[in-house]
Amino acid sequence: MNHSDIKKIRNIGIMAHIDAGKTTVTERILYYTGKAYKMGEVDEGTATMDWMPEEQERGITITSAATTCYWKEHEINIIDTPGHVDFTAEVERCLRVLDGAIVVFCGVAGVEAQSETVWRQADRYRVPRTCFVNKLDRVGADFFKTLEGIKTRLAAHPVPVQIPLGQGEEFAGVIDLTQMKAIIFDEESLGAKYEAIEIPEGYLHRAKEYREIMLERIAEGVDWFMEKFVEAEEITLEDIHRAIRQGTVECVFTPVLCGAALRNKGIQPLLDAVCFYLPGPQDIPPVKGFHPKTEKLIDRRADDKEPTASLVFKITSDRHGDLIYLRVYSGKFKLGQRLYNPKERRMEPISRMWRMHADSREPREMASAGDIVAVAGPKSVITGDTLCDRHHPVVLEKMHFPTTVIKMAIEPRSTKDRDKLAQTLSRLAREDPTFEWHSDPETGQVIVSGMGELHLEVLKHRMLRDFHLDAKVGRPRVAYKETVLRTAEAQGKYIKQTGGRGHYGDVVLRLEHYQGENLVEVVSEITRGEIPSRFIPAIKQGVESALSTAGLAGYPLMNIKVTIIGGSYHPVDSSDVAFEAAAIYALNKAVKEAGTTLLEPIMKFEVVVPTDYMGEVLSDLEMRRADINEMDLRGNLRVIMGSVPLAEMFGYATTLRSLTQGRATFVMEPSSYAPAPEEVYQTLVT
């Protein structure tokens with residue numbers, strides 16, 4: 001395909017709650033577009049996009065996988081994202097670089113907890129999306145209830161462009177409301193052949209009803225269409241497609257389609273909807289950034305003629321080195337070219353370049369605006385970095401990731417493995433922004449932190465399997481934090497004379513409780529020259545390095561603001577090292593003066609349980625200090641929603657299976673940090 005036709009490019013993600021059938025939808029898309037010669041199945045461990053051994057064993061998507069396929073002269077770059085809440089960061093960084101998304105819902109379960117999470121993430125990045133209600137061949141499937149759930153639970157504006165032709169065992173295809181035809185799929189050709197027929201008499205009344213609903217909702221969001229609708233002018237199929245596309249691109253409403261991916265029904269119309277309704281790179285607003293020196297705001301349009309600007313949104317590591325995924329927002333670059341990393345102020349070589357298909361690679365010579373490519377060569381980049389034209393530098397807006405909530409100790413079994421452990425953990429941390437590690441200064445243990453038990457378990461298996469690292473791993477523990485109780489000021493001095501040039505640093509800090517966008521805010525109010533501006537970064541570095549263990553119980557501090565309010569310097573003896581040390585002394589003194597309280601991670605949960613077991617499950621949750629916020633009916637199941645301290649939920653999956661004979665399911669995700677009860681604090685410090 002001629003790349004210059006940027007209007008025909010679609011960069012999309014496929015997102016869903018776990019088990020909604022998201023990867024199956026992706027596999028069918030690859031099959032019908034000719035990218036895969038056979039259909040992969042999640043249950044058999046043969047899904048093309050779930051290529052990691054860990055994904056094939058567990059039957060879930062863990063890492064986002066990218067591929068490119070073609071449909072009706074359109075180039076579609078697809079990223080299949082994880083559905084499990086422990087891997088929410090994968091979804092977050094993919095949404096940052098996508099132009100549109102397909103959100104898959106299970107027609108039986110409807111809108112689930114993780115559906116809400118990914119929807120909020122897409123709202124934050126204003127990603128236009130289309131919905132696909134899947135599994136309509138299952139007993140208990142209800143398209144219309146799911147449609148209502150999208151409206152009420154997600155506060156969205158769904159526009160049904162299809163309704164099912166039967167549901168459950170009677171599901172035979174879909175009814176296209178835009179052209180008022182039924183679409184049926186040939187089972188012998190595995191759905192590859194399909195045809196549009198007249199709508200059967202028994203479904204015609206409902207089809208007319210929902211076509212009217214579709215037209216009304218389009219009219220509410222698109223002014224020119226409203227005029228045609230009110231004036232009862234003729235509305236053509238082209239008018240409908242154009243209006244749906246406009247409303248979708250502007251995030252005014254969301255078209256909803258339906259099908260059953262496992263039964264090979266509804267995928268080709270979904271591909272048509274991706275081409276018709278979702279935006280290309282030129283349809284979305286210019287990406288925003290700032291000049292690294294002047295901090296002046298800069299826009300970059302999706303155009304090859306603009307200066308090059310690309311974002312590192314993912315890094316994967318294996319034994320052969322790092323693979324860096326880039327979204328090219330503007331300009332173009334060739335293989336062998338060097339791009340500028342403004343954060344590190346260094347040039348990075350593009351020594352190899354590929355278009356990815358899961359874990360296989362197709363070599364590329366050039367990348368242009370709108371492309372998603374993987375490159376090798378850059379050595380000092382991390383997720384969120386910008387690579388751009390040196391003569392037109394720009395720093396694109398960074399991605400934000402949630403704080404870790406769970407940790408465990410890891411120890412190498414031999415001295416030989418100790419150095420290898422540090423190298424492996426550093427590579428995994430570059431790859432995964434929600435994975436952190438540090439050495440405990442008191443015990444000498446290495447502590448790793450992540451988003452949940454499954455997250456750390458997968459990383460542990462990767463260390464052993466992919467990096468052949470023999471290590472002992474402790475049981476997961478809660479990642480507690482602390483915050484200050486009151487405002488305090490303290491002075492820290494670092495003065496040393498060594499015979500020659502000495503060391504002199506003197507800093508006064510104010511420490512206070514703070515609730516803002518960042519967990520920790522470090523600012524300077526120095527205006528009178530007590531401390532030269534060149535030493536301020538060293539003071540901030542000292543504060544930030546001390547925060548990880550500055551709490552009175554030895555936990556990291558959060559929800560605080562540190563202000564540099566005074567100090568002094570020596571014209572000869574002052575140095576960065578001295579001011580960094582003085583800042584650490586000042587912070588530790590201020591923390592003792594302010595006092596701290598322990599914070600524990602609170603998880604938002606959803607338990608789906610048969611009515612017969614409701615009492616036992618509620619009693620157990622109450623013993624775990626859970627707050628029940630809402631209870632709902634989902635067919636003959638009850639849905640319990642609320643919040644609970646993470647510390648009370650270790651091993652809950654086993655307990656829930658035991659209480660309900662394996663018939664209940666649950667999901668949970670990090671929600672916030674809250675003060676822990678006094679007895680929890682005493683247990684930890686004694």
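**View 1. Contacts between helices α14 and α15.** In α14, Glu 616, Val 617, Asp 620 and Leu 621 meet Tyr 652, Thr 655, Leu 656, Leu 659 and Thr 660 of α15, contact being defined as heavy atoms within 4.5 Å. The model is predicted: local features require pLDDT of at least 70 and side-chain atom pairs count only at pLDDT 80 or more, whereas totals for chains, interfaces and linings use all residues. Residues are numbered from 1 along each chain as its sequence is written, and side-chain values use heavy atoms, with hydrogens and water left out. Helices (H or I, at least four residues) and strands (E, at least two) are DSSP runs numbered from the N terminus. The axes of α14 (residues 614-623) and α15 (residues 652-660) come within 9 Å and cross at roughly 150°; axes are lines fitted to C-alpha atoms, for helices over the stretch in contact, and angles run from 0 to 180 degrees between N-to-C directions. The two helices α14 and α15 are therefore roughly antiparallel, a term for angles over 145 degrees. Their crossing is right-handed, that is, the near helix is turned clockwise from the far one by less than a right angle.

**View 2. The open sheet β7-β8-β9-β10.** Four strands form this open sheet in the order given, with antiparallel pairing; two strands pair if DSSP finds at least two bridges between them. Strands β7 (162-165) and β10 (194-197) are the edge strands, each pairing on one side only. From one strand to the next, the twist averages 30°. Between β9 (residues 181-185) and β10 there are four bridges in the antiparallel sense, and Phe 185 has Tyr 194 of β10 as its bridge partner.

View 3. Ile 183 lies in strand β9. This residue is buried, with a relative accessible area of 7%, where buried means under 20% relative accessible area (1.4 Å probe, protein chains only). Leaving aside residues up to four places away in sequence, Ile 183 touches Gly 173, Val 174, Asp 176, Tyr 194, Glu 195, Ala 196 and Pro 269. The C-alpha atoms of Ile 183 and Glu 195 are separated by 5.6 Å, although the two residues are 12 residues apart along the chain.

**View 4. Helix α6 across strands β7 and β8.** Helix α6 (residues 201-221) lies across β7 and β8 (173-176) and runs at about 165° to β7. With 21 residues, α6 reaches 31 Å from its first C-alpha to its last, close to the 30 Å expected at 1.5 Å a residue; the expected span is 1.5 Å times one less than the number of residues. Buried residues of α6 include Tyr 210, Arg 211, Met 214, Leu 215 and Ile 218. The buried residues of this helix pack against α5 (143-153), β6 (158-160), β7, β8, α7 (223-230) and α8 (237-249).

View 5. Nine bridges join β31 and β32 (residues 503-513) in the antiparallel sense, and Gly 492 has Val 507 in β32 as its bridge partner.

Note on methods: Buried means under 20% relative accessible area, exposed over 50%, partly exposed in between (1.4 Å probe, protein chains only). Angles under 35 degrees count as roughly parallel, over 145 as roughly antiparallel, 65 to 115 as roughly perpendicular and the rest as oblique.
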